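Hi,

Have a look at the model first, then read on.

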Amino acid sequence: MLIDTHAHLDYPDFADDLDKVVERAAAAGVTRIITIGTGIESSERAIALAEKYSNVFAVVGVHPTNVQNEIEDFLPALRALAEHSKVAAIGETGLDYHYLPSRELESSPAIAALQAGVAQDAEAAVLDGAYKSAQADAFRVQLDLAVALGLNVVIHQRDAWDDTLAILEPYTGRVRGVFHCFGNRPDQAMDAIALGHLVSFTGIVTFKNAGLVRETAVTVPEDGYMVETDCPYLAPVPHRGERCEPAFTRLVAEQIARDRGSSLEAVARQTTATAEQFFRLS
Ligand SMILES: [Zn+2]
């Protein structure tokens, strides 16, 4: 009935009880799970899980915050993984400017003291520039791979909205993306959807301070969004703070159904059809 379109089942959080986690998901009506790689090794583990569980599918890619820890030319390895029959998309890839290197520079008093004033500002600009351009290069490489293989992309975007859209722009019509864990404004969601992309919502829609995200989830057209957990993170209410798991996709869908004045069944039917098409399932 429901599809959890963004889970990290390969994380150590699930090492001890994954069989039970997958069973609980099915019991809650979450009959398929997309597990997302965040680097080459993580993507290999995602594929191994997709081979083990018939209702699990893999997305393979290098997360923007992992780009600088990854083997320099990861493309050959990623391409080989992406050809697996249970790979449903490329990702997660994108841009994340939340923790720029200059922030660590500022928060390190020893370094700050050594590099006073202008020298430090210049150093910060160089470091941040290199960090951003490494992410942009890795993002483009993965978009090109998606185009070559006829797959879509799972996009991670944090504090980098304009740059993300600018990089995507030349790919319009050739590849679609889903802006996962969407937390931006309704008009930004509508801009992304107008370009052929999707957004997807996590358990954040159940949080007390989630007014903006809930407004966005009500605004988007019924075929413009999907649901996800991003587990093990972002467990919805009433599990907030606990380990999240795919079964909780149901709580996300229930909240959105209430807010949209719809039913769980209708939201499940529509988001599942959207996910089946986007990830080329079935
Ligand atoms: Zn993720």
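In this predicted model, the zinc ion is held by His6 (NE2), His8 (NE2) and Glu92 (OE), at 2.1 Å. Donors here are N, O and S atoms within 2.8 Å of the metal (3.2 Å for Na, K and Ca), and water is not among the atoms, so the site may look incomplete. Along the chain the donors are spaced H-x1-H-x83-E. His6 lies in strand S1 and Glu92 in strand S4 (residues 87-96), 86 residues apart, and the pair links distant parts of the chain. Both His6 and Glu92 are buried (under 20% relative accessible area; exposed is over 50%, partly exposed in between; 1.4 Å probe, protein chains only).

Strands (E, at least two residues) and helices (H or I, at least four) are DSSP runs, numbered from the N terminus. S1 (residues 2-7) runs parallel to S2, joined by 4 bridges (strands pair if DSSP finds at least two bridges between them). Ala7 sits opposite Thr35 of S2. On its other pairing, S2 is joined to S3 (residues 56-60) by 4 bridges, again parallel, with Ile33 partnered by Val56.

S2 (residues 30-36) is largely enclosed by the rest of the structure, because 6 of its 7 residues are buried.

In helix H3 (residues 75-82), Leu78, Leu81 and Ala82 are buried.

On the bookkeeping, residues are numbered from 1 along each chain as its sequence is written. Local features need pLDDT of at least 70 and side-chain atom pairs 80 or more, while totals for chains, interfaces and linings use all residues, and side-chain values use heavy atoms, leaving out hydrogens and water.

Best wishes
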